[in-house]
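Have a look at the model before reading on.

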Amino acid sequence: MIRKIGSGALALVALPALAADPDRPAYYDEGWLKINQYSPVEGFESHGSYGWHVGVGVIQTAGSGDKTSELPSRTAPTQVPRLFLTHGTNWPLDFGLSFARLDEGKGRQFGAHLQWTIFEGFQKPAVAIRVARMQADGLSGLEKLETESAMLGLSYGFLRYFNFALGVGQQRHRLDIRPLEEDNAFGLSAGWREQIEKTESVWTLCLKTNLFTPFASLGIERVYTHPRQALTIAKLSYML
C-alpha cells in the first residue's frame with residue numbers, strides 16, 4: 001500500500017516536468033507549413049487601377065509524409081480551395097487578399113500581399129518586389145501559424161496571351177503550438193506550449209494565360225521551398 005502511494009506521488013511530481021519539457025516533440029503536421037504559403041498566382045507586372053480581379057482556385061501538396069505525429073486529426077490536407085482578390089492602383093502598386101477554410105471548417109486562413117513594380121516596359125520583363133503575410137488559426141495542434149515572405153520577381157509576356165513569372169525570396173514561419181488532444185500516460189491533457197520560428201528560401205514559377213475573353217484568365221504556379229516539397233496552386237480569375 002505504501003509502495004503504491006509512493007509511486008502515485010512520484011508520478012504527480014514528474015507530471016509537470018514532463019509537460020514542461022522543452023525537448024518534447026512538436027505534435028503538429030509539417031504539411032501545415034506547406035499550405036500556409038501565400039501567392040496571388042499572378043505575374044509581377046502592375047495591373048493598373050481598372051477593375052477587380054476575383055478568383056477561385058485550389059492548392060495541392062505532394063502529401064503529408066513529413067508529419068511528426070501519426071494522428072489523423074492532426075494531418076494537414078493535401079488539397080485546399082482558396083478565394084482570391086487582386087486590385088491595382090494608379091501607381092505601380094498592387095495589393096491582394098486570399099481566404100480559405102481549413103481543418104474541416106474549424107480553421108481559417110487569411111492572406112494579403114503588396115507589390116511594387118519597380119520597372120515595366122513594352123516587350124521588356126517587368127521587375128517587382130512583393131511582400132505577403134498569411135495567417136491560419138484553429139488548426140489541430142496549432143493555435144496559430146503565421147508566414148511572412150518577401151520576394152523579388154520578374155515576369156514576361158509572350159505570344160500575346162501568355163505571361164511567365166519567376167520569383168525568389170525568403171519566408172519565415174511563426175508557430176504557436178498547443179496540442180489540445182494529446183493525452184499523456186496518466187490520462188490527463190498535456191499542458192505544454194511552444195513557440196518556434198522557421199526561416200527558409202522560396203522560389204516560384206508561374207504561367208498565366210488569357211482565355212476566350214480578355215477579362216478571364218487561368219494561372220498555375222509551383223512554389224518550391226527547402227527542404228519541403230513543392231506546392232501547386234491553380235486559379236481561375238475574372239476581372240470585374
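The notes below go from the overall fold to the aromatic rings, then to the pocket and the cavities.

## The fold at a glance

First off, this is a predicted model. The chain has two helices and 10 strands, and reading along the sequence you get the pattern α-α-β-β-β-β-β-β-β-β-β-β. Of its 240 residues, 45% count as buried. Take the contacts between residues at least 6 apart in sequence, and 60% of them join residues at least 24 apart.

Trp 32 is a handy residue to look at here. It sits in helix H2, which covers residues 31-35. Trp 32 counts as buried, because its relative accessibility is 1%, under the 20% cut-off. Its C-alpha atom is separated by 9.8 Å from that of Leu 102, a residue 70 positions away along the chain.

## Rings that pair up

The structure holds five aromatic pairs. In one of them, the rings of Phe 99 and Phe 110 have centres 5.0 Å apart and planes at 45 degrees, so this pair is tilted. The two residues are 11 apart and come from separate strands: Phe 99 from E3 (residues 93-102) and Phe 110 from E4 (residues 107-121). Phe 99 is partly exposed at 28% relative accessible area, and Phe 110 is partly exposed at 43%.

Trp 203 and Tyr 224 make another aromatic pair, a stacked one, with 6.2 Å from centre to centre and 15 degrees between the planes. Here too the pair links distant parts of the chain, with Trp 203 in strand E8 (residues 194-210) and Tyr 224 in strand E9 (residues 216-225), 21 residues apart. Trp 203 has a relative accessibility of 35% and counts as partly exposed; Tyr 224, at 25%, is partly exposed as well.

## Charges over rings

Which charged residue lies over the face of Phe 44? That would be Arg 130, at 4.2 Å from the ring centre.

## The largest pocket

On to the open space. The largest pocket holds about 720 Å³, and 26 residues line it, with Glu 45, Arg 160, Phe 162, Asn 163 and Asn 210 closest to its centre. Strands E4, E5 (124-139), E6 (142-158), E7 (162-177), E8 and E9 each give at least two residues to the lining. E6 has the largest share, with four residues.

What classes of residue make up the lining of the largest pocket? There are 10 nonpolar, 11 polar and five charged residues.

About 120 Å³ of space lies in the largest cavity, which is lined by 13 residues; nearest its centre are Tyr 38, Ser 39, Ser 149, Met 151 and Thr 204. E5, E6, E8 and E9 are the elements that supply two or more residues to that lining. By class, the lining of the largest cavity divides into six nonpolar, five polar and two charged residues.

The second largest cavity has a volume of about 30 Å³. The residues lining it include Pro 40, Glu 42, His 47, Asp 94, His 113 and Arg 130. By class, the lining of the second largest cavity has one nonpolar, five polar and three charged residues.

How values were computed:
Residues are numbered from 1 along each chain as its sequence is written. This is a predicted model: local features need pLDDT of at least 70, side-chain atom pairs count only at pLDDT 80 or more; totals for chains, interfaces and linings use all residues. Side-chain values use heavy atoms; hydrogens and water are left out. Rings of Phe, Tyr and Trp (its six-membered ring) pair if their centres lie within 6.5 Å; planes under 30 degrees apart count as stacked, over 60 as edge-to-face and the rest as tilted. Buried means under 20% relative accessible area, exposed over 50%, partly exposed in between (1.4 Å probe, protein chains only). A charge sits over a ring if NZ of Lys or CZ of Arg is within 6 Å of the ring centre and within 35 degrees of the ring normal. On a 1 Å grid over the protein atoms alone, a cavity is a set of points where a 1.4 Å probe fits but cannot get out, and a pocket is an open set with protein on both sides within 12 Å along at least five of seven lines; lining residues have an atom within 4 Å of a point. Grid points are joined across faces, edges and corners, and a volume is the space filled by probe spheres set on the points. Ala, Val, Leu, Ile, Met, Phe, Trp, Tyr, Cys and Pro count as nonpolar, Asp, Glu, Lys and Arg as charged, and the others, Gly among them, as polar. Contact means heavy atoms within 4.5 Å.
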